Amino acid sequence: MPIANGGEPPLALSARNLSKTFRVGDEDVRAVHDVSLDLVQGETLGLIGESGSGKTTLAKLLLGLVSPDKGATLELDGASLPERVTKRSEAQVKSLQIVFQNPDSALNRAHSVRQLIARSLSKLAALHGEAKERRLHTLTEAVRLPERYLGSRTRQLSGGLKQRVAIARAFAGDPRVVVCDEPTSALDVSVQAAILNLLADLQRERRVSYVFISHDLHVVRYLSDRIAVLYLGRIMEIGRAAAVFEGPQHPYTEALLSSVPSVDGTHAKRIRLSGELPSAANPPSGCVFHTRCSLKIGGICETEAPPCRDAGDGHTIHCHIPVDELRTLQRQVS
Ligand SMILES: Nc1ncnc2c1ncn2[C@@H]1O[C@H](COP(=O)(O)OP(=O)(O)OP(=O)(O)O)[C@@H](O)[C@H]1O
Ligand SMILES: [Mg+2]
């Protein structure tokens, strides 16, 4: 993670108290609950958590695609950022972009690749004529999209090529932050690696920050500087990627990481994650993880929201059990 000389790392994006409650029939679905996070310039923040934990909703809140519940604040490069994308300036819109899992949803099938990228260059970079044409070629080269595809319709392209078009469009206005929501999960494994390497190269060249969402924990580990672990819309643990992966502190993170085979094919079976994720329409009281937590202590875990505990070096968890005690308990279980 890049750190400014002698000071605090410069922030690209800062979010405070983001919550989102969807009204479904007569139920309130609490998809995201009181999430605060900072994104340092040029870093990748990985977002992990089971299906339904609120990753996409959090991404959409950052993008201004859904409006947060009352009390949220957002800042982009230190300046206040309106909640809704429709209220944001052109500069703010081009600075904050998203790459989705399924590029089809964002690519108009009636247009050629050239038209799609050219439109983004007009809209996000205010380029026209010769300048736009020159930039179109640099951009297609940057995303390693062979020029022979510029005349194609997207339905003629493979998933990997379509994702390159989507990435070219997101990068048309030189964004400061790109949210990648499972950008490779619909692709063949061989193509996944190429797209991940492309994203990493673009970051190195352009100092863009990523919020990177994936169920593939190896991929998240590979790309991320820091990791945030979501459970029922809350951040349970956040810290440097190496610290979170090699020394998870929260029982949920420990369980989540234990469920995945390690790179060498062995399972780190220490704490099992049992049962289904509870419904976001009816989250458990107290610590929302208590119904599945093998380290639960009676009473307080069921009745009170857990405090934020500092595990050092910017690594924090939300848990009733102090960090030192957790470490001892986890050693006993393993
Ligand atoms: N538009 C919506 N209306 C009602 N409920 C919603 C809406 N979008 C999301 N939810 C609910 O909010 C919760 C979080 O969903 P979200 O899609 O953000 O999870 P996710 O972590 O991205 O899951 P996945 O890994 O499957 O993509 C879920 O309970 C989901 O059903
Ligand atoms: Mg999602």
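Helices are DSSP runs of H or I, at least four residues long, numbered from the N terminus. In this predicted model, helix α1 spans residues 55-63. Just after α1, Gly64 takes a positive phi of about 80°. The helix itself is mostly covered, with seven of its nine residues buried. Those buried residues are Lys55, Thr57, Leu58, Ala59, Leu61, Leu62 and Leu63.

Strands β1 (11-24) and β2 (27-40), like α1, each supply at least two shell residues. The shell divides into five nonpolar, seven polar and three charged residues. Of its 15 residues, Ser51, Gly52, Lys55, Thr57 and His215 come nearest to the ligand.

Several polar contacts involve oxygen atoms of ligand 1. A polar side-chain atom of His215 lies 2.6 Å from a ligand oxygen. For Lys55, an N or O atom of the side chain is 2.7 Å from an oxygen of ligand 1. Ser53 contributes through its backbone, where a polar atom is 3.2 Å from a ligand oxygen. Taken alone, ligand 1 exposes 640 Å², and the protein buries 63% of that.

Lys20 lies in strand β1. This residue is buried yet has no salt bridge. The nearest side chain of opposite charge, that of Asp69, is 4.9 Å away. A polar side-chain atom of Lys20 does lie 2.7 Å from the backbone oxygen of Ser67.

Side chains of opposite charge can pair when their charged atoms come close. The model holds 15 salt bridges. One of them joins Glu43 and Arg226, with the closest N and O atoms 2.7 Å apart. Glu43 lies in the loop between β2 and β3 (44-48) and Arg226 in strand β9 (residues 226-231), so the pair ties together parts 183 residues apart in sequence. Both Glu43 and Arg226 are buried.

A second salt bridge links Arg144 to Asp201, with a closest N to O distance of 2.3 Å. Arg144 sits in the loop between α4 (129-142) and α5 (159-170), whereas Asp201 is in helix α6 (residues 189-206), 57 residues apart. Arg144 counts as partly exposed because its relative accessibility is 39%. Asp201 also meets Arg204 in a salt bridge of 2.4 Å, N to O. Arg204 and Asp201 are both in α6, three residues apart, about one turn of the helix. At 62% relative accessibility, Arg204 counts as exposed. Shared partners join Arg144, Asp201 and Arg204 into one salt-bridge network.

How values were computed
Residues are numbered from 1 along each chain as its sequence is written. Chains are lettered from A and ligands numbered from 1 in the order in which they are written. This is a predicted model: local features need pLDDT of at least 70, side-chain atom pairs count only at pLDDT 80 or more; totals for chains, interfaces and linings use all residues. Side-chain values use heavy atoms; hydrogens and water are left out. A residue is near a molecule or strand if one of its heavy atoms lies within 4 Å of it. A polar contact is a pair of N or O atoms within 3.5 Å; within protein, one must be able to donate a hydrogen and the other to accept it, and residues adjacent in sequence count only if both atoms are side-chain atoms. Accessible areas come from the Shrake-Rupley method with a 1.4 Å probe; for residues, only the protein chains shown count as cover. Ala, Val, Leu, Ile, Met, Phe, Trp, Tyr, Cys and Pro count as nonpolar, Asp, Glu, Lys and Arg as charged, and the others, Gly among them, as polar. Buried means under 20% relative accessible area, exposed over 50%, partly exposed in between (1.4 Å probe, protein chains only). Lys and Arg count as positive and Asp and Glu as negative; His and the chain ends are not counted. A salt bridge is a side-chain nitrogen of Lys or Arg within 4 Å of a carboxyl oxygen of Asp or Glu.
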